[in-house]
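My entries follow the order in which I checked things.

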Amino acid sequence: MPSETFRASRWTRGNRLFPTYIEVSDKSVSRRKRSWFRVDEMSMSLSKVASVHIKTGLIWSEILIESSGGTDPLGSHGHKKADALRIKELIENAQAELARKPQEF
């Protein structure tokens, strides 16, 4: 599965100059947020994702991806509804694919 990247809208709070990016690959999901002098990047293995919570507003959606390990969840706001649903679909499909494959040791 090729990785897909989703950008938050610049019209939402906190994303005007440096929008948040969420990237979903076949192995992990990551959130990248820039500021003036640094980059904050968090990633989580798809096997460790416990739930994907989407809050939908009138136009924009907020995404919260929680881990089974108890670490801080990946959160982002200002995504289109279709992008939020696509992120959830990609994560669920990748987890189903991981469950079908036999574990290699």
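I began by noting that contact means heavy atoms within 4.5 Å. I also noted that helices (H or I, at least four residues) and strands (E, at least two) are DSSP runs, numbered from the N terminus. The model is a predicted one, in which local features need pLDDT of at least 70 and side-chain atom pairs count only at pLDDT 80 or more, while totals for chains, interfaces and linings use all residues. Residues are numbered from 1 along each chain as its sequence is written, and side-chain values use heavy atoms, with hydrogens and water left out.

Entry on the sheet. I looked up the strand order and found an open sheet of four strands, β1-β2-β3-β4, with antiparallel pairing, where two strands pair if DSSP finds at least two bridges between them. The edge strands are β1 and β4 (39-45), each of which pairs on one side only.

Entry on strand β2. I then followed β2 (residues 21-24), which is joined to β1 (residues 4-7) by four bridges and to β3 (residues 28-34) by four bridges.

Entry on the helix. Last, I looked up helix α1 (residues 81-100), which lies across β1, β2 and β3 and runs at about 150° to β1; axes are lines fitted to C-alpha atoms, for helices over the stretch in contact, and angles run from 0 to 180 degrees between N-to-C directions.

Notes:
Buried < 20%, exposed > 50% of the residue type's maximum accessible area, 1.4 Å probe, protein only.
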